[in-house]
Amino acid sequence: MFIAVALAILVTLALALIRAFVGPTIHDRILAVNVVGTKTVLMIAVVGFIVGRPEFVDIAIVYALLNYIAIICVLRVFESGTLAVEPADEPEQGGGQG
Amino acid sequence: MAPGAGRCVIEALIDIVLLTFLAIIAVAIVRIRNLLAVTMLTGIYSLIVAVLFVLMDAVDVALTEAAVGAGLMVILMLATIALTTREERPHRMRHNLLALVVVVITGAALIYATLDMPRFGDPEAPAHVHLSPRFTQDSPQEIGIPNMVTSVLASYRGIDTLGEAVVVFAAAVGVLLVLGSGTVRRRKSGESADKDDKDASP
């Protein structure tokens, strides 16, 4: 059961990687990073059950938090072109399409 | 097939698939010119490396890798990209045969060196024979921290960890100085140009 889930997660990971490689826009790649992060969380949890250490779930939760912060930062840079506090200081850099 | 054997097989399969993913991502990072996409791919790379660390039971290393590699490093690289450019300039490089030979020889030497290392998880490995018993048996009484990695890092090697913290602090101060000076300069020079900005952008 858990093994089937692990295999399914690996397949999903591969699909997300393909999206990250060919993704025409930066949105596709950000989405791919988010999906890979989620699959990481699931993979750690499932592997924890496979090897008989369910406390891996705690680690998976920490990963989910980290993934969340990184995605927020990426989206902020993508939208405003800078990490500075006042985005208005910075002239708009290029268009939206990466 | 015994459940233990199946577990080993599935673990090995996951390891192999994840390592293959890492190799593919590394090639893609070299090939892709869009720097934002490359930053995303490095984040994915760090996440998968972190999973491998968890599979090898190095949970604390994996957490550091995920926090620094997938979180902090991606943010720093994005900040750099925001200050510079989003496209890598394509440049034709002639193939350097000497570099290839040096890399292949070095890699072969490193792989050869790993043959002498004890197997992963080998209980007879030198590190497990000499040091581990001392820490696993005495550290709960000496230090009183249930997690032995923590007691080694925070107490036995406390001065070393303090040095690491100083290095990280110095690096953070350096980065903040470099990134912050640009902001301050722009703000000072921007005060006189403020009216122009407001005229330009309603």
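Modeller: Let's begin with helix axes: they are lines fitted to C-alpha atoms, for helices over the stretch in contact, and angles run from 0 to 180 degrees between N-to-C directions. Helices (H or I, at least four residues) and strands (E, at least two) are DSSP runs, numbered from the N terminus. This is a predicted model, where local features need pLDDT of at least 70, side-chain atom pairs count only at pLDDT 80 or more, and totals for chains, interfaces and linings use all residues. Residues are numbered from 1 along each chain as its sequence is written, while chains are lettered from A and ligands numbered from 1 in the order in which they are written.

Biologist: What makes helix 2 of chain B roughly antiparallel to helix 3 of chain B?

Modeller: Their packing angle is about 175°, with the axes 8 Å apart. Under 35 degrees counts as roughly parallel, over 145 as roughly antiparallel, 65 to 115 as roughly perpendicular, and the rest as oblique. So helix 2 of chain B is roughly antiparallel to helix 3 of chain B.

Biologist: Which residues of helix 2 of chain B meet helix 3 of chain B?

Modeller: Among them are Leu36(B), Gly43(B) and Phe53(B), and on the helix 3 side the list includes Glu65(B), Gly69(B) and Met73(B). Two residues are in contact if their C-beta atoms, placed from the backbone, lie within 7 Å.

Biologist: Why is helix 5 of chain B called roughly perpendicular to helix 6 of chain B?

Modeller: Helix 5 (residues 126–142) and helix 6 (residues 148–156) of chain B pack at about 80°, their axes 10 Å apart. That angle makes helix 5 of chain B roughly perpendicular to helix 6 of chain B.

Biologist: How many residues of chain B are in contact with chain A?

Modeller: There are 36 in chain B, in contact with 38 of chain A. Helix 1 (3–31), helix 2 (35–55), helix 3 (59–83) and helix 7 (158–192) of chain B each give two or more residues to that side. Chain B's side divides into 27 nonpolar, five polar and four charged.

Biologist: What makes a set of residues a nonpolar core?

Modeller: It's a set of buried Ala, Val, Leu, Ile, Met, Phe, Trp, Tyr and Cys residues joined through C-beta atoms within 7 Å. A residue is buried if 20 or more other C-beta atoms lie within 10 Å of its own, exposed if 12 or fewer, and partly exposed in between, with C-beta atoms placed from the backbone. The largest such core here has 47 residues, and Ile44(A) is one of those with the most contacts inside it. Helix 2 of chain B gives the most, with 12 residues. Beyond residues up to four places away in sequence, Ile44(A) touches residues including Tyr63(A), Val51(B) and Val54(B).

Biologist: Where is the pLDDT of chain B below 50?

Modeller: Over residues 190–202 of chain B. pLDDT is the predictor's confidence in each residue, from 0 to 100, and chain B averages 79. Where pLDDT is low, the predicted coordinates should not be read in detail.

Conventions. Ala, Val, Leu, Ile, Met, Phe, Trp, Tyr, Cys and Pro count as nonpolar, Asp, Glu, Lys and Arg as charged, and the others, Gly among them, as polar.
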